[in-house]
Amino acid sequence: MADHFKVAIVGSGPGGLSAAAHAAAVGMDHVLLEKTDHVADTLFKFQKGKHVMSTPDVLPLRADIEFGAGRREDILEKWNNAVSQHNINVRYKSEVTAIVKDGGSFTITVSDGSTLTADNVILGIGMQGNLRKMGVPGEDWEGVQYQLDDPDAYEDESIVIVGAGDAAIENAIALAKQNKVYIVNRRDEFARAKQGNLDLISEAIESGKIDCFYSSNPAKVEPGVLTLKTPDGEADVPVNRVIARLGAIPPRKFVESCGIVFPSDAPGALPEVSPTYESNVPGLYIVGSLGGFPLIKQAINQGWEVIETLQGNTVKPADEPLIEDKLTGLPGVSVDDFIAQVRDKIPLYHDVQTLMLREMMLDSNVHVFNPGDVVFEKDDYTNSFYAVLDGEVSIQVVPDNPNITVDLGSGQFFGEMGLISGRRRTATVVAKGRCVLLETNRRTMVKLINSVDA
């Protein structure tokens, strides 16, 4: 008879490892299945000496494993120690090939053909096994790679980093110490990077340590040359190697085979989960980047919270108090109710996953304005983005005549010109009646635009 567990945890990344550690701590019968011979494969593959951040800084940590900002090697050492300290039941080299729900339990098949059963399953498999490729002619050249293990292994080379996220920036900064480095950003800014990395890459570009091609994309690769499409036409860059850090896509075929439904056919679409991280398959939970939360601290919290849920405890997400503080002007409205209203009333956000909306709320503010209150004035330097949740606002389109207005109601938005251009406000906006507005800072909105196609 196959082994049976209260919970089977698939993947030993931050979320899976945290879940396993908490299950061990509370005495829950568990198994942690990891396809490699070590824990936290994504972190294991980070470049040597990488400084790992613990953002969001405002988010408290719930965990039975240690985590704080520090060197990759130090964090891995602590997590490896946690496996033995907590007596985690981990099975290495156990790649899961199938998860099937039959009645009230799941049957899990491993690559060696063995099976086990569990009442619940936590998927913490991430997306690093499904790296995005450049998709251009010549990308199979041996000088193209999608990962950087050791920046010190390269010296006096011409290297192009393709990508604008944290991994791309960190690779570029590390390599620039002893190489000629270019970075290719398909946008005109580094909207998806953490603030610390944004500061580093901005300084490196301004000082000439790194050359940046903005609003550019690879066109083709030939041995020793990368051709780019730039706003000024094609540009040939001499290279010894190209390192493309383009993120990853969900392992959709496997996830769908488990019965999990994706909300759309978009390649980057993520499965929708409940506030307790449960998928559409009862008893099957998703934590970490596959659920839309790629940050380590978020994944760790989620793993801990799922085990608490399986214990029968009602636990609010770690971000709940932070979002509740933003809703003080709306007495009686819960976080879940507010998030649902945002999705239902504002078409712009219909296709944004719930967990991503929660993350957006950490960098947003909710305003309740009374009739005649000024939201912002023409020529203000602010550049945040507003969506109307309830009520109406009036946009004074003729500066010298405040009576000539365009009115916007529930579901509509304004401030997009400041969002797009970063320039001064082009008009004064006032509340026509009592209204509720959701204000999101420019950086967060640009990140969301770059992350969600719809």
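Buried means under 20% relative accessible area. Cys212, with a relative accessible area of 18%, is therefore buried in this predicted model.

**Cysteines**
- Cys258 has 7% relative accessibility, so this residue also counts as buried.
- The number of disulfides in the structure is 0.

**Arg241**
- Arg241 belongs to strand S16, which spans residues 241-244.
- Its relative accessible area is 16%, and Arg241 is therefore buried.
- A polar contact of 3.0 Å links the side chain of Arg241 to the side chain of Gln145.
- Gln145 is also one of the residues in contact with Arg241 once neighbours within four places in sequence are left aside.

**Helix H10**
- Helix H10 covers residues 354-361 and is mostly covered, with 8 of its 8 residues buried.
- These buried residues are Thr354, Leu355, Met356, Leu357, Arg358, Glu359, Met360 and Met361.
- The helices against which the buried residues of H10 pack are H7 (296-310), H8 (320-324), H9 (335-345) and H12 (442-451).

Terms used:
Residues numbered from 1 in each chain as written. Predicted model: local features only at pLDDT ≥ 70, side-chain atom pairs only at ≥ 80, totals over all residues. Heavy atoms only, no water. Disulfide = S-S within 2.5 Å. Buried < 20%, exposed > 50% of the residue type's maximum accessible area, 1.4 Å probe, protein only. Helix = DSSP H or I, 4+ residues; strand = E, 2+ residues; numbered from the N terminus. Polar contact = N/O pair within 3.5 Å; in protein donor to acceptor, adjacent residues only side chain to side chain. Contact = heavy atoms within 4.5 Å.
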